[in-house]
Structure formats: structure tokens, C-alpha cells
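Q: I have a model open and would like to talk through its fold with someone before I go any further. Could we take it piece by piece?

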Amino acid sequence: MLFSDLGLSKKVTETIEEVGYTEPTPIQAAAIPEILKARDVLGIAQTGTGKTASFTLPLLTKLETGRARARMPRSLILCPTRELAAQVFENFEKYGKRQKLSVALLIGGVAFKDQERILDRGADVLIATPGRMMDHFERGKLMLTRVEYFVIDEADRMLDMGFIPDIERISKLIPFTRQTLLFSATMPKEIEVLAEKFLQNPVRVEVARAATTANTITQKVVYAPSGHKEKRQCLRDILGGSEVKNAIIFANRKKDVEIIFKSLAVHKFSVGGLHGDMAQSARMEVLANFKNGKLLLLVASDVAARGLDIPNVSHVINYDMPMQPEDYVHRIGRTGRAGRSGTAISMVTFDDIRQLKAIEKVTEQPIEWQGEAPSEDDFEASSKIRGRAGRPSRNNAHRGPDRYKLGADSRKPANRKSGKTEKAERPARPARQERPARTENADVAKPAQPEPKAPTNETAKPKASAKKHDKDIIAFGAHDHIPDFLLRSSGLTK
Ligand code: ADP
Ligand code: MG
């Protein structure tokens with residue numbers, strides 16, 4: 001199959017040739033003709049297999065004729081994070097260079113003025129995070145009555161609790177006659193039921209069963225100690241492996257992102273931190289430095305789990321096991337993209353064993369242990385813990401267990417077998433219908449909040465609390481400020 005067989009415009013086909021794509025990926029080959037036929041599409045394909053171009057190329061073709069009016073965009077693309085929205089914007093610029101379309105990016109954390117100017121001129125394509133888009137709408141700077149094409153990228157995330165009120169509202173503001181396109185690598189059943197409300201007579205284009213991990217990713221799990229110091233040592237041991245060229249390290253909580261970042265910086269790794277409470281300028285800078293190789297490690301919250309396309313990430317490391325199995329699929333999908341190979345290593349503590357089981361169930365794939373595996377007793381004891389501590393409330397469910405406050409190493413054999421320590425400390429995983437409103441990364445419509453300090457060189461002083469928490473944290477600076485000779489010569493230094 002060739003791009004020229006898909007029905008795309010001449011301009012788009014020429015640009016694709018110039019970009020260097022020789023043939024469409026399976027999702028592109030299947031979805032593009034349906035989109036060009038004006039069908040609503042629910043598109044499911046593994047991470048890193050070209051879903052962005054699956055909707056961008058036909059939209060560019062369709063928008064080639066016609067003109068946008070002031071403040072009335074012709075198409076709307078919603079993304080869950082600012083970084084992903086910015087990336088989709090770059091894709092439109094790349095693929096749309098032969099068209100004279102106006103593309104606007106509306107994301108939080110940056111000035112309104114420039115965004116307003118572009119809206120005033122009339123945008124053919126509007127790419128946005130929901131919160132900022134609604135801000136513009138409420139200021140009377142934007143009308144959605146002429147939107148013909150409505151795309152929701154990372155659709156299951158966008159229809160999850162944190163975003164759904166915004167999405168429902170936005171969808172009511174767009175004409176019923178629009179064409180709607182939803183894309184993701186995962187689509188839990190209960191979210192799909194919701195998704196159907198937004199679609200009319202859709203065609204489901206499913207290249208691989210939802211939640212299938214990309215086959216370019218080698219997955220491993222490491223049995224890690226629960227004690228926080230020991231766990232960080234375990235992380236450093238993994239990073240010391242010669243195959244790790246660069247890596248994204250995921251932690252579940254912003255606080256832990258900061259702690260791990262600082263700890264790795266102290267140990268002279270080339271590292272940056274990224275989470276949703278950082279100033280947008282710092283978020284962009286860290287990401288840019290990781291992309292261009294100035295930083296070799298990126299410690300991140302789930303703000304980096306979805307959609308980001310950084311071509312040469314050799315490893316993804318789950319320092320914490322994600323709370324939702326789908327997040328695992330997306331996190332590890334930051335490596336092994338566009339046919340390249342990559343490795344995902346997940347650190348599983350005694351407490352995490354059942355989360356691992358939940359992931360293996362969703363992905364329908366066992367993950368191989370690297371090194372020592374938990375014993376049968378561990379498996380049994382860990383799975384017995386489920387539910388005894390009661391269900392977490394919605395408000396704090398997303399925060400997960402506060403393991404690090406415990407101090408004790410819950411891998412002590414006595415605890416492991418009896419499960420006594422863990423049962424009191426670890427809340428049960430929320431059931432599907434109790435999916436937490438994960439506002440941490442959500443650019444949802446909400447009043448502006450002051451942006452706390454970011455873990456970059458802007459916060460070069462260690463906090464007293466951090467010191468108290470862990471003795472191996474002392475003063476740190478960004479990688480740029482660490483003289484080269486101090487950087488470790490193996491693995492993750494320049
Ligand atoms: P997904 O959204 O499915 O995770 P992306 O749309 O981000 O994946 O694409 C992943 C990478 O694949 C991008 O770097 C993109 O440039 C590249 N890519 C997309 N389509 C093709 C193609 N037909 N041939 C080669 N590379 C492609
Ligand atoms: Mg994508």
C-alpha cells in the first residue's frame with residue numbers, strides 16, 4: 001500500500017514523500033480512507049505506530065478547500081497535556097507545509113494574547129488542552145459553531161473522570177453534524193461505552209486489540225525493595241547497566257519525581273525532572289533538553305506518559321508501578337516507537353505484585369523477571385492484601401499508597417508472609433467505575449493556580465524537608481551546572 005492509494009490530496013502526498021515516509025502504517029492505511037469518506041472513526045493502534053498522521057493527513061486534505069472565519073475554527077483537536085498538544089501542532093506544521101492553513105495552539109501556562117490574535121485572524125485548525133480552550137470560550141474569543149471536524153487524541157484518557165465534564169460541555173458547543181475522530185492505544189470497556197455517545201455510526205478501526213503493547217518493546221520486571229533508599233539504589237543499579245543510553249523514569253507522585261530527580265542529580269547523573277506543577281517554561285525546557293540529548297534521564301510523572309514522541313528513548317523505567325494498567329501501556333510506549341526497539345523495566349515491590357498481575361491481564365502478556373523473582377509465598381501474601389484496607393476516597397485515590405512515610409522495609413520476610421504491615425498501609429486499587437479524577441496532569445478547566453517551584457536549576461536549593469527525608473539528598477543543580485569531569489563515565493553521562 002502506498003500513500004498515493006489512500007485518497008489524500010496531491011499536496012499532502014508530496015509532503016509525506018518529502019518527509020520520507022515510504023508506506024503508511026497499518027492504522028494510517030485503515031483509518032485515512034474512512035476519514036476521507038466522512039465516517040466517524042474510533043481508531044485503536046499500539047503506541048508509536050503513527051496515529052497522529054492518521055488524523056492529521058486526511059484533515060489537511062479536507063481543509064484544503066474553504067476558509068476559516070474570525071474566532072470560528074473549522075476543526076478542533078483536543079489533547080490531555082500541553083506538551084502533547086504542542087507536538088500535534090508541530091505535526092500539523094510538518095505535514096501541512098504546502099497548505100496555507102492557519103493552525104492555532106491553545107495551551108495553559110503561556111500568554112493569552114498571542115493565542116487570541118491567531119483566533120481573531122481565523123484558525124483552520126485549533127489544537128488545545130480543554131482548560132485553556134474553555135478559558136478563551138468564556139472570554140468570548142472563540143465560537144465552536146463552525147467546527148466541522150472534532151478529534152480527541154488519547155481518547156480514553158480524555159473521557160476519564162478528570163476531563164469528562166469539559167469534553168461533554170465542549171461537544172455540546174460543536175454542531176451535531178461534525179465528523180468525530182477518537183484515537184488511542186487503550187480503550188477500557190467502560191470508557192468505550194462513553195465514547196460511543198460522542199460518535200455517530202462510527203467505524204472502529206482496530207489494528208491491534210486495545211492495550212496491546214508495541215512489539216518493539218522488550219519488557220522486564222525487577223523485584224525491588226520497598227524501602228525508599230534501597231529502592232533508589234536499585235534504580236541506580238538498573239541505570240548503571242550498559243544498555244541504558246537514555247531513559248524516562250516514571251514515578252506516581254510529583255513529590256517522588258522531585259525526590260528521585262534530586263537523588264540522581266546528587267549521584268551525578270545527567271537528569272531532569274518533569275511534572276504538572278512546574279512552570280510551563282521549565283516543563284518545555286526540560287523536555288527540549290531531554291529531546292536534544294543534553295539530559296540523558298528524565299524523571300517524570302504521568303504528564304509524560306501519553307503521546308510524547310521522542311524518537312530515541314532506549315529505556316522506560318517504572319520506578320513505581322502505575323495505578324491503572326492502561327497507564328503502563330502508555331508509559332512504556334515512550335520507547336520502541338516507529339519501528340525502533342526499546343526496553344521497559346518496571347520495578348515491582350512486594351506491594352506491587354497484584355498491580356503487575358492486573359497489567360499482565362490487560363495486556364494479555366506475561367512479563368519476564370530480570371534477576372530474582374518473588375517467591376510463591378510473596379505472590380500469595382501480596383494478593384491476599386487486596387481490599388482489606390478499604391477503598392480510597394475519590395479525592396485521594398489517585399495519590400495511591402503513601403509508602404514512603406512508612407520508613408520500614410516491608411520486604412522483611414515476616415511481613416511478606418503475613419502481609420500484616422501491608423494490609424494496613426495499602427489501600428485497595430480503585431475499581432474501574434471509581435477511576436480517580438487525575439487532576440495532576442489534567443489541563444482541565446479550573447481557576448488558575450499559582451505554579452509552584454519546578455525541579456530544575458530554578459530551584460537549586462535543597463529543601464530542609466527533602467534533607468530530612470533522605471540523607472543522600474544534598475545540594476543539587478541542573479546537569480548543565482555539573483562539570484563534565486564529575487559526571488559518571490559509564491552509562492548515562494555525555
Ligand atoms: P502514536 O500516536 O501512534 O503513538 P505517532 O503519531 O506519535 O504515534 O508517531 C510515532 C512516530 O512514527 C513519529 O515519529 C512519526 O514521525 C513516525 N511515523 C508516522 N507515520 C509514519 C510512516 N508512515 N512511516 C514512518 N514513520 C512514521
Ligand atoms: Mg499519539
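Predicted model: local features only at pLDDT ≥ 70, side-chain atom pairs only at ≥ 80, totals over all residues.

Q: What share of the contacts join residues at least 24 apart in sequence?
A: That share is 79%, counted among the contacts between residues at least 6 apart in sequence.

Q: OK, sheets. What is the order of the strands in the one that contains E8?
A: The order is E10-E11-E9-E12-E13-E8-E14, which makes an open sheet of seven strands with parallel pairing. Strand E10 (271–274) and E14 stand at the edges with a single partner strand each, so one side of each has no neighbour in the sheet. Ignoring direction, neighbouring strands of this sheet are turned against each other by 25 degrees on average.

Q: Stay with E8 for a moment. Why call it largely enclosed?
A: Strand E8 covers residues 217–223, and six of its seven residues are buried, so the rest of the structure largely encloses it.

Q: Which strands does it pair with, and over how many bridges?
A: On one hand, E8 is joined to strand E13 (residues 342–348) by seven bridges, the two strands running parallel. On the other, E8 pairs with strand E14 (residues 368–370) over three bridges, again in the parallel sense.

Q: Where does Lys 220 sit in those pairings?
A: Lys 220 takes part in both: its bridge partner in E13 is Ile 345, while in E14 it stands opposite Glu 368.

Q: Switching to helices: how do H2 and H3 pack?
A: Helix H2 (residues 26–36) and helix H3 (residues 51–63) pack with their axes 9 Å apart, at an angle of about 30 degrees. That angle makes H2 roughly parallel to H3, and the crossing is right-handed. Among the residues making the contact are Ile 27, Ala 31 and Ile 35 of H2, together with Phe 55, Leu 57 and Pro 58 of H3.

Q: Does H3 meet H4 in a parallel or an oblique way?
A: The axes of H3 and helix H4 (residues 82–95) come within 10 Å and cross at roughly 50 degrees, which makes H3 oblique to H4. The crossing is right-handed. On the H3 side the contact includes Thr 52, Phe 55 and Leu 59, and these residues belong to a set that meets Val 88, Asn 91, Phe 92 and Tyr 95 in H4.

Q: Last topic, single residues. Is Leu 264 buried or exposed, and what does it touch?
A: Leu 264, which lies in helix H11 (residues 254–266), counts as buried because its relative accessibility is 1%. Leaving out residues up to four places away in sequence, Leu 264 touches several others, including Leu 235, Ile 249, Phe 269, Leu 297 and Val 299. The C-alpha atoms of Leu 264 and Leu 297 are separated by 9.1 Å, although the two residues are 33 apart along the chain.

Q: And Asn 289, buried or exposed?
A: Asn 289, in helix H12 (residues 280–291), counts as buried at 12% relative accessibility, since the cut-off for buried is under 20%. Apart from neighbours within four places in sequence, Asn 289 is in contact with Lys 294 and Leu 295.

Definitions and conventions. Residues numbered from 1 in each chain as written. Chains lettered and ligands numbered in written order. Heavy atoms only, no water. Contact = heavy atoms within 4.5 Å. Buried < 20%, exposed > 50% of the residue type's maximum accessible area, 1.4 Å probe, protein only. Helix = DSSP H or I, 4+ residues; strand = E, 2+ residues; numbered from the N terminus. Pairing = 2+ DSSP bridges. Axes fitted to C-alpha atoms, helices over the stretch in contact; angles between N-to-C directions. Parallel < 35°, antiparallel > 145°, perpendicular 65-115°, else oblique. Left-handed = near helix turned anticlockwise from the far one by under 90°.
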